[in-house]
Amino acid sequence: MISTLTQNSITRRSFVKVSAALTAAAGVLGRIKPASAAEWRDQLGSRGTKPDPISEDVRIVRSVCLMCHGGCGLQAKIKGGELIKLDGNPFHPNCYDYSAKGDLAAESDLDGGPAGKDVASLCPKGNAGVFALYNPARLTHPLKRVGPRGSGQWKKISWEEAMEEILNGGRLFKDVPGEEKRHVDGLNKILNDNSPLGPEDSAYMDEAPPAGWGPKRNQFVWMHGRNEQSPLTPRFVKEVCGVPHMLNHCARCAGTFYNVIEDVLNLPPYEIGAYADLPFTSYLISIGSNITAADYPMQLRTRKLQKWAKRLGPYAKEFKHVVVDPWLSSGAAKATHNGKGEWIPIKPAADAFFLVGMIRWIIDNEKFNREYLRLPNEKSAKAAGRRNWTDMTYLVKQTEPKTYLTAAEAGLPVQADYVVMAGGSPTAFHEAEGPADLDASVTIKGIPCKTVFRMLKERAREKTLEECDRLCDIPKGTIARLSREFTSAKTPVIEMFRGPVQQTNGWWNGQALCIINMLVDNIDRRGGFSPGHAAYKGKVGGTLRKPEGVPVDCAKKYEGKKPVPTRPWYPLARRTVTPNFLSNLKHGYPYKIKAILNYYNDPAYTMPYNAPVIENLKNTDLVPLLFSIDAYMGETSSLADYILPDTEYLERFGGFKTYPPVNTQVWGLRQPVVGELDPKTHEYRGVHPDARMADDVLIEIGIRCGLPGFGKNGGGDGIDLMNSWDYWNEYYKHEDFKDGLDPNSDFVKMGGKFENPTKEYDGEYCRFPGGRPVRALFAYQQKVATTKNCMTGSFFDGLPTYRGIFDCTEQPLDPKLWAEYPFALHTHKDAWHTQSRTAQNLWLMSIQPQNFAEINPAEAVKLGVVTGDWVRVKSPSSIPVKEYANSLGDGWYKFQVRVTSRVRPGVFSVSQSYGRWGAGARMWYVNGKPQYQDDRIGAGFHINPLYMADPVLKDRILMDPVAGGTQSYGTPLRVERL
Amino acid sequence: MAERGAFISQEVLDASFKKRGRKQFALWIDLEYCVGCNSCSMACKAENNTQVGVDYNRVITVEEGEFTDPSKPAKDMRVYFVPMPCMHCGKPACVAACPVGAITKREEDGIVLINGDKCIGCRYCAWACPYGAPQYNADTQTMEKCTLCVHRVDKGLLPACVTACIARTRFFGEVNDLTALIRQKRAKEVKLSIESGTKPSTMYSM
């Protein structure tokens, strides 16, 4: 049973041990009589758990969930200052289907009160947020380590002490053996040092760009995992501190997905991806997408699929779902439930062959939309009733660098970036009156050129479909059959999430998928592949710093004197490449750093091939100061010097947008559902009075270091930003907002601003709030084709490639490896987990107390194991990590096996989120006293130490060289029975 | 009000709540659309404040068939998810098993309730129930189980597990209304363990 909660919280929840006072038992077996209704309280008696009251004195607060990153609105029920229930916010389109009377949702549109009939949903994680708020595993005071990093020995300190030490530095660890003389520079010194980084900071001055590495304040590094305090947090990092690196987790998450969609579908950055518009989809291929258990927003995609696409939508009768995945996900279970859909158990990391194979079939069989692909410009697109056109007719030079042929190069008298063949002659693309030639190869002014379509066709024909089926290890003829069905369907879409893109070939796989959708002309369409989401925005002014110099993750163009840099650079990655930083640390590359602020982040656990991450973060020479803002003793926080306890998401101000499956404009307001807000100062205290909102901590750091952008007049003249409330109140007064945090405003009462959710379409296209220009889509990626892989000096390919896993020099893995390591690593996530913050939620953990290593019966027979048996596993690069209880030494790890046909043969699959060793899984001590710990938190297994390192770099996971996505599937493993 | 596109309209629900005389409230869970997420289980915990270890609703996963040969289509596999609340049986085994008469079935609407004051924690009901509905609370040392959210139903509101379902595949209503809907869907009505003889009211369809 869960032990008593901290003294500070008032709760009637059953976390508190109840002394069992047995009343005298009746003893007499009376006649069994049916009882009557409306006396349920008597019928249930006074002992045992009690359901929530439905009464007048229950208060409603609407906010935004943060159990994952989907941004669902929530509706909290508060009684007597205590959170008793979470439901969805009925006004938030993630949670509920309704229609508003006006353009914006109003409270009168729904019966949404505490006893209202409009009750909206949350996913299992959202519902378990009640436990999260009162979780005994939460940190309650600032902590400072008293032993070496990772020793689990802490002391409680005051906020003032914590701030004083972190900001002013000193010999902070003089009582720790080995660190007696170690002087640490505090943030005040680091952030105010604008002198240039020099040879004392970097052994690689010959790799710096001409302007140098930048100022020494860049030695402060921010790293976040789940950041939903934007735009306050980027203001802090980029404009208050003024450093160029706000490292996120996207490289390990889905950064490549967003990057490739933005570039191929030509979208402004950060509109976040593309998904099928499910209610009008008649044929759906999901590849590497855990559609009914994950992705964004999980509950909305599930509802759109299960309620609309399959039941109420206009194509429900013919709807077919094909799930391409090495694992039979819940989505695949639903697809195949009554024999309508299919599960295609593709081999991990073979996605390129499936996707480019589909392109081959579609081109060979002329099932692409020729009329659409021949449109060369905006005028012809509009005349043909389209919202977009493609570059398929644009001519590309066949000599390197392979840029689009320009009008000037073609000798045309006009200025144009693209040239097409129209009416038999080269024409500036915007001047073509009608359709241009699609499949052409010509020489113009002595330059050999081909249309993008021709290049795509030739690329797709580099392999036969038979080869593709074989490399995917799926039955012969599968790709052809599915391509035929796909192109014959009324509204076909192929969509993805991490599966195809979190790979070394990930960029090109994502590109291939987007191209398939382009070939059938479904981009932006109702029932098609719909990208982008428009959020409402506010604003905070102020005079701010500008970041300068080179970010530590090397996500910039390499401009050093040395011809080949020591470590890879990522000029095309629009999200940061944090795994690159975490391994570069070892080499002090590109320059040494002085401090890391780890915000709501757990790379020690979450990074694939995390052994070097743990090792590097522990090293006080590499990271002189490491401090975390965390609500729990996370794995990474457990390695830190200081931990500043964060409030939980139900105790924060802020807000969040949502994702492309929502076609209307949305912004959810995040506001505390419990706790106390001082009416004058607007200082906030939640369940734990000594935990502080991260916003407040960052603002204090900014003020005390004398940095611009926070504090008195931080938001501009007369606009003080002293705390989180100040910032968000100001933010919500501008642009799309006007009321600030006025508790009487609709904005605050409804928990956000929501456009009428039925305004989803504009004719045959998805409506895009605010409009979107009719634009070109780019199947060919010139930027990629004209960027060199800095490790090889060769240009990247501008089109999708038929490749599996390769290293940072784009060499394929040694095929001999597979003889010794014949299994492919695989992972997935269950619906009730989020990466690294749900194992400590015992409600969620009770759904499935542990995970297993799942293998197919065919493999089990070969290994001689049954469910429950143990195996040992290693990868070509795995090394022991002492934090892992299942580490056997020599890079072997032991796992308990579950035999199931839900994973295809050849795969070793271990779901994420289990095998924790932080957040209360292991004992830890404050002032020598044992703290909250529960074995159930650490149950199960974690696969991350077993990912394969890049064989060239050796100390970092394999990564996509364009956008930086980590190879999260399919790396080789050796499995032996124990 | 009911959700746009609701499978059971507010009118039908209101009529169910208002029906006079003996009736049986029940849940219908359409297994075709259940994604096994356990939102129902978690909403139930929050609504009823159950501790870790006490779960009025549990979702089991059933795997049928085998797939071992990638050269052939994976057509034999069938995986589905079965949420298991209390069945509020017509002839509850728990009621019959209880030695102190702590469990009763309401006359008006057939909801079966355990009285925590009368319960002595002997667990015979858990032993007798074929569905695992009665759960032991180790702190109070008494049994408890799904109440079909009687506290909500009493006020004309839906059970928490119904409103929490993200796939919109759990339905509450009067048994005859639900049966009509199942027939409308032309689904085969499936009840669990018909042989058990307890006449479970919770209905499933595939």
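**Charges, strands and a covered helix**

Tutor: Let's start with a network of salt bridges that links A:Asp97, A:Arg303, A:Lys307, B:Glu3 and B:Arg168. A salt bridge here is a side-chain nitrogen of Lys or Arg within 4 Å of a carboxyl oxygen of Asp or Glu.

Student: Before we go on, what am I looking at, and how do the labels work?

Tutor: This is a predicted model, where local features need pLDDT of at least 70, side-chain atom pairs count only at pLDDT 80 or more, and totals for chains, interfaces and linings use all residues. Residues are numbered from 1 along each chain as its sequence is written, chains are lettered from A and ligands numbered from 1 in the order in which they are written, and side-chain values use heavy atoms, with hydrogens and water left out.

Student: Okay. How many salt bridges are there over all chains?

Tutor: The count comes to 85. One of them joins the side chains of B:Glu47 and A:Lys85, at 3.8 Å from N to O. That pair crosses between chains, from helix α2 (residues 39–48) of chain B to strand β3 (residues 82–88) of chain A. Helices (H or I, at least four residues) and strands (E, at least two) are DSSP runs, numbered from the N terminus.

Student: Is B:Glu47 buried or exposed?

Tutor: B:Glu47 counts as buried because its relative accessibility is 2%, and A:Lys85 is buried too, at 1%. Buried means under 20% relative accessible area, exposed over 50%, and partly exposed in between (1.4 Å probe, protein chains only).

Student: What does A:Glu342 form a salt bridge with?

Tutor: Its partner is A:Lys320, and the closest N and O atoms are 2.8 Å apart. A:Glu342 lies in strand β11 of chain A and A:Lys320 in strand β10 of chain A, so the pair ties together parts that are 22 residues apart in sequence. Both A:Glu342 and A:Lys320 are buried.

Student: Which sheet has those strands, and in what order?

Tutor: An open sheet of four strands in chain A, ordered β11-β10-β9-β18 with parallel pairing. Two strands pair if DSSP finds at least two bridges between them. The edge strands, pairing on one side only, are β11 (342–344) and β18 (492–496) of chain A.

Student: And how many bridges join β9 to β10?

Tutor: Five, between residues 283–287 and residues 320–324 of chain A. In that region A:Ile287 stands opposite A:Val324 of β10(A).

Student: New topic: how many residues of α13 in chain A are buried?

Tutor: Eight of the nine residues in helix α13 (residues 452–460) of chain A are buried, including A:Phe453, A:Met455 and A:Leu456. What the buried residues pack against includes α10 (351–364), β17 (447–451) and α17 (506–519) of chain A.

Student: Last one, where is A:Gly150?

Tutor: A:Gly150 sits in the loop between β4 (143–145) and β5 (153–156) of chain A. Its relative accessible area is 30%, so A:Gly150 is partly exposed. The C-alpha atoms of A:Gly150 and A:Ser637 are separated by 8.7 Å, though these residues are 487 apart along the chain. Leaving aside neighbours within four places in sequence, A:Gly150 is in contact (heavy atoms within 4.5 Å) with A:Ser638 and A:Leu639.
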